[in-house]
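Here is a colleague's note to read beside the model.

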Amino acid sequence: NVNAYTPINSTSTVNNRGYTILKLNNLPVGKYYVAKSNIHRMHPLSKIICTVLFVLMTLSGIDIKTTVALSLLVLIMILNTSIPFTIFTKALYTLRYILFFMILVCAIFRLPVDASLAVIINIILIVFYTIILAMTTPPTELTYGFEMFLTPLKIFGISTNKLALYLSMALRFIPTVLDESARIIKSQASRGVDYHNLYLGGKISAIKGMVKPIFSLSIEKTKQLIRTMNIRLYSLGRKRTNFRINKWRFFDNYLILIHILILLVVVVRGFLIWDT
């Protein structure tokens, strides 16, 4: 199998001058991992439906036992994707500051330990499930799935194809922005900026110096994309066909049914806990 995702060996590398260069592209958002698995072969719409159902499960789960059950579900999904688990651990390491902030918030509001642990684990599970959706579905197929998922909004006069395209473009630009940020960091490191040894004011100043170049490069990338779409006579108002023929298989129905049953169990369990 061809691996479209380039794993990162560590969270940081050192250049020839000894300055530490931070790696910002550990988050596998907007990247597709080519493999042959049941999850890869699923219809993009069914994967989006399963993701929405899973988010509802995590929002409904209020105890640690439900969180453990959802963790087993995510683990089974990961094992069925053929995606290396190291990708998920690197994404988790990248989110360490957000998780630390959540722990701090739970401590400030004096939440019980089991409830705090359930909240933090649920956040991790949502991130992992989103990674499964993004890395098993090509960006073009995500656009197709979002457009089908948002079809009911046409009743209210909302252009679903435009909305789906905007969502897809946002996902595509995330790795682009991260790559450009890493390039700017390397450029700053070659000029003597060492992020790990800077004091807080110096780090803030270095980050402020990154903002303007990142926006400039992103705007230039956007202009290039617009020119490419104009050359190819791309029109949002026209009806489009899909490059791939997406077949709705038995596995799609099976997995959606499993998610619906688990969601019902989680909701009923939540009501019973609240009543007691």
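1. Start with the burial cut-off. A residue is called buried when its relative accessible area is under 20%, exposed when the area is over 50%, and partly exposed in between. Cys106 has a relative accessibility of 6%, so Cys106 counts as buried. Please keep in mind that this is a predicted model.

2. Confidence comes next. The mean pLDDT of the protein chain is 77. A score of at least 70 is reached by 76% of the residues. Residues 1–24 are a stretch to treat apart, with pLDDT below 50. Beyond near neighbours in sequence, that stretch has 57 contacts in the model.

3. Overall make-up. The protein chain holds 9 helices and 2 strands. Read from the N terminus, the order is β-β-α-α-α-α-α-α-α-α-α. Of the 276 residues, 35% are buried. Take the contacts between residues at least 6 apart in sequence: 77% of them join residues at least 24 apart.

4. Helix H2. This helix covers residues 64–79. Its 16 residues reach 22 Å from the first C-alpha to the last, close to the 22 Å expected at 1.5 Å a residue. Which residues of H2 are buried? They are Thr66, Thr67, Leu70, Leu73, Val74, Met77 and Ile78. Seen down the helix axis, these buried residues of H2 fall within an arc of 140°, so they line one face. The general rule is that an α-helix has 3.6 residues a turn, so residues three or four places apart point the same way. On the face of H2 turned away from the buried side sit the exposed residues Lys65 and Leu79.

5. Ser82 lies between helix H2 and helix H3, the latter spanning 85–94. The phi of Ser82 is near 65°, a positive value in a residue other than glycine. Is Ser82 buried, exposed or partly exposed? Its relative accessible area is 41%, so Ser82 is partly exposed.

6. Cysteines. A disulfide is a covalent bond between the sulfur atoms of two cysteines. How many disulfides does the model contain? The count comes to 0, taking sulfur atoms within 2.5 Å as the rule. Cys50 has a relative accessible area of 1%, so Cys50 is buried. Cys106, at 6%, is buried as well.

7. Around Cys106. This residue lies in helix H4, residues 96–108. Leaving out residues up to four places away in sequence, Cys106 touches Leu111 and Ser116. Cys106 and Ser116 are 10 residues apart along the chain, and their C-alpha atoms are separated by 5.9 Å.

8. Aromatic pairs. The whole structure has 6 of them. Take Phe85 and Phe128: the ring centres are 6.5 Å apart and the planes stand at 80°, so this pair is edge-to-face. The pair links distant parts of the chain, with Phe85 in helix H3 and Phe128 in helix H5 (residues 113–135), 43 residues apart. Phe85 is partly exposed because its relative accessible area is 40%. Phe128 has 9%, so Phe128 is buried. Ring pairs also bring in Phe88, making a cluster of Phe85, Phe88 and Phe128.

9. A pair within one helix. Why is the pair of Phe251 and Tyr254 called tilted? The ring centres are 6.2 Å apart and the planes are at 40°, so the pair of Phe251 and Tyr254 is tilted. Both residues belong to helix H9, residues 250–275. They are 3 residues apart there, so about one helical turn separates them. Phe251 is partly exposed because its relative accessible area is 24%. Tyr254 has a relative accessibility of 41%, so Tyr254 also counts as partly exposed.

10. Last, Gln188. This residue is found in helix H7, residues 160–190. Is the side of the cut-off for Gln188 buried or exposed? Gln188 has a relative accessibility of 14%, so Gln188 counts as buried. Gln188 and Met210 are 22 residues apart in sequence, and their C-alpha atoms are 9.0 Å apart in space.

How values were computed
Residues are numbered from 1 along each chain as its sequence is written. This is a predicted model: local features need pLDDT of at least 70, side-chain atom pairs count only at pLDDT 80 or more; totals for chains, interfaces and linings use all residues. Side-chain values use heavy atoms; hydrogens and water are left out. Helices (H or I, at least four residues) and strands (E, at least two) are DSSP runs, numbered from the N terminus. Buried means under 20% relative accessible area, exposed over 50%, partly exposed in between (1.4 Å probe, protein chains only). The expected span of a helix is 1.5 Å times one less than its number of residues. The arc is that of the directions from the helix axis to the C-beta atoms. pLDDT is the predictor's confidence in each residue, from 0 to 100. Contact means heavy atoms within 4.5 Å. Rings of Phe, Tyr and Trp (its six-membered ring) pair if their centres lie within 6.5 Å; planes under 30 degrees apart count as stacked, over 60 as edge-to-face and the rest as tilted.
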